[in-house]
Amino acid sequence: MEVIEVILLLIGILLFSNVINHYIPAIPASLIQVILGCGLALFTNFQIPLSTDWFLLLFIAPLLFNDGRRFPKKELWELKMPIFGNAIVLVFLTTIVGGFLIYKLIPSMPLSVSFALAAILSPTDPVAVQSIASKANLPSNILHLVNGESLINDASGLIAFKYAVAATVTGYFSIFKAAGDFVYTSIMGAIIGILTMLVITSVRKFLYRKGIKNVIFNVVLQIIAPFAIYMLSEEVFHASGVIAVVTAGIVLHMKNSTKQALSPELILINEKTWDIIIYILNGIVFLILGIELPFATEAVIKSLKFNTLQSIMYAVITWLVLLIIRIVWITGYQFFSNLFSGKSPLDIDLRVATIVGFSGVRGAITMAGVLSVPMLTSAGKAFPDRDLITFIASGVIVCSLIAAVIILPLISSNKDTVKYEKQDFWNVDKAKIHLLRAAINNIDKSKNQVNKNIIYSLIWQYQIAIRKLNLKLYNDEQTEKFLQEEVKIREKAIDLERKVAKNMLNNHHISKVVFDEIEQRINHRESEVLSEFDRFSYALEWKSAYQTLKVWIFKQNENDKTVKELNSALALVFNYTIKELRESSFSSNKDLVRQIILEYENLAYLVKNNNNKFNYDEQYRKLQIKAFGAQRKTIQSLFEDGKISWNTASDLRQEINYLENVELYSSEE
């Protein structure tokens with residue numbers, strides 16, 4: 001299979017995994033991706049030829065660069081001691097102690113390979129933890145700790161892994177040479193990362209000042225940065241590409257955190273682009289893990305050294321060893337921290353230690369590293385137990401994910417739910433309701449005889465949004481009843497449209513071609529109405545598509561006569577619907593009926609003016625912009641009054657900016 005076909009297949013499965021996760025949110029997307037990868041390998045014998053060099057470059061460079069780029073400054077500083085302890089000391093402790101224990105568990109495995117396996121299993125994966133955090137109600141300090149340590153432990157774990165693999169490949173290891181190399185590769189990698197990123201940001205700003213302000217150009221320049229920095233560090237200076245890309249990401253984050261940021265548009269597009277890249281890379285790594293698992297199992301069994309049950313036992317015991325080391329480390333850290341802070345040394349929270357232990361989920365970096373193990377040593381022999389360490393690493397990742405999903409919700413309590421805001425702050429939905437009401441009050445003051453229908457239509461849209469938010473926020477039965485009544489009236493109005501259109505066709509007042517055009521418009525309006533209230537029918541979608549095809553044929557043959565006939569027919573349809581709605585008594589909510597009548601009067605107005613929507617759309621757009629302005633002022637007032645946090649205010653402003661940009665963009669088309 002060609003490379004492009006493999007990529008498209010993996011992305012397709014990745015998207016499918018997230019659809020499954022939407023319907024089964026209790027299972028993390030990463031675990032679903034592993035299962036789908038296993039299924040693909042088992043049922044199709046699908047394999048991916050892996051190359052150590054490109055795998056490290058393609059996955060590790062951008063993943064670690066993104067870690068550094070999203071450097072958690074505040075949380076990292078507040079938890080600096082436990083984070084650095086977990087990220088550096090715990091990694092090397094896991095490598096040494098875990099390596100020896102794995103060697104004792106599997107005596108046939110060389111000690112250097114055991115160290116390599118323990119080293120690559122030491123980094124934690126914040127992406128996997130985030131996917132279960134909301135369900136597990138992880139305490140905020142623990143979530144910050146896991147996120148913070150993952151930024152650094154990826155680098156320290158990969159460096160330890162690199163030396164263990166090198167010792168296996170060359171058959172030679174010197175603690176003094178390793179220490180010297182570690183100092184050189186780490187310091188030189190950091191220097192390269194810092195200097196290269198400073199050069200890239202300086203060049204980008206120089207070009208920006210010279211008029212090269214193209215957002216896409218600047219985003220692409222940043223995307224290629226981690227790959228270029230990683231290759232420069234590894235290939236030219238023989239330093240740590242891992243350290244280089246992490247420090248480069250941190251430098252970029254620090255530069256972008258100052259007032260020197262180039263433009264809000266660049267920041268927004270850049271963030272969304274990176275979200276897409278990391279989403280794809282993380283997902284593909286877990287899919288590859290699933291694909292590799294059956295083949296690694298088969299290879300281990302065929303080697304005749306271990307049977308299936310024995311291999312699974314090795315994976316489970318290895319995971320337990322890592323878990324115990326992590327829990328013991330956290331417990332010991334609490335003991336010495338209490339000792340130096342003057343507290344009772346025995347004042348240890350075993351529950352916290354257990355939560356931190358199970359939060360240490362392994363993921364993308366572990367899999368990316370283990371799959372980068374070379375096939376051969378320098379002597380031309382097969383790398384010892386490569387298939388077994390791939391299987392064990394895969395098994396540990398799966399075990400850590402399953403254990404986190406099952407156990408974390410049981411040992412985490414609601415009182416410690418992750419919080420980033422004070423409890424007395426309004427949540428986003430409550431704030432949105434307040435903004436929409438402010439917008440309604442503002443545009444209602446601009447009402448006159450010319451624009452009243454437009455204002456009523458816009459206000460009604462806002463009121464629909466408010467009712468939906470109320471339903472979501474308070475589970476309001478009255479709101480649900482009101483929405484159901486509105487759907488009922490709108491469906492009745494659409495039935496009235498169809499009735500008069502069919503009567504005109506049967507009485508030969510309009511041609512079949514004009515009737516098809518009217519029916520298509522009715523179907524389109526029906527789909528908009530029902531989708532607005534989450535009652536859209538797939539059968540209706542196909543029907544609407546069929547009608548659209550017929551309308552396209554109508555457009556190819558239209559002339560002034562047919563357009564005039566169509567407008568006259570539509571005017572009759574709308575006026576008849578308005579008349580019937582006014583005389584109807586099937587709803588006690590006269591305000592609701594009146595609003596729907598106003599919408600039909602707007603449609604009749606457009607037809608009367610020969611579908612000249614320019615003035616209507618222009619007035620509508622001006623009112624929308626006015627409403628956005630009112631919402632911005634309200635956000636500032638809510639923030640100054642202490643009703644919403646800075647983060648909520650920022651999110652609301654960003655959403656309004658986006659909606660306004662969409663409105664302005666649509667006006668240019």
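A nonpolar surface patch of about 560 Å² is formed by Phe 182, Val 183, Ile 187, Ile 191, Ile 194, Leu 195 and Leu 198. Patch members have over 30% relative accessible area and no salt bridge, with nonpolar side chains joined within 5 Å; a salt bridge is a side-chain nitrogen of Lys or Arg within 4 Å of a carboxyl oxygen of Asp or Glu. Areas follow the Shrake-Rupley method with a 1.4 Å probe. Phe 182 belongs to helix H9 (residues 175-209); helices are DSSP runs (H or I) of at least four residues, numbered from the N terminus.

The model is predicted, with local features requiring pLDDT of at least 70 and side-chain atom pairs pLDDT 80 or more, whereas totals for chains, interfaces and linings use all residues. Residues are numbered from 1 along each chain, and side-chain values use heavy atoms, without hydrogens and water.

Two residues illustrate the accessibility classes (buried under 20% relative accessible area, exposed over 50%, partly exposed in between).

| Residue | Relative accessible area | Class |
|---|---|---|
| Phe 182 | 32% | partly exposed |
| Ser 122 | 4% | buried |

Ser 122 is located in the loop between helix H6 (111-120) and helix H7 (126-136). Beyond residues up to four places away in sequence, Ser 122 touches Val 91, Thr 94, Asn 153, Gly 157 and Arg 362, contact being heavy atoms within 4.5 Å.

Conventions: Patches are made of residues with over 30% relative accessible area and no salt bridge: like charges are joined within 9 Å, nonpolar side chains (Val, Leu, Ile, Met, Phe, Trp, Tyr) within 5 Å. Helices (H or I, at least four residues) and strands (E, at least two) are DSSP runs, numbered from the N terminus. Buried means under 20% relative accessible area, exposed over 50%, partly exposed in between (1.4 Å probe, protein chains only).
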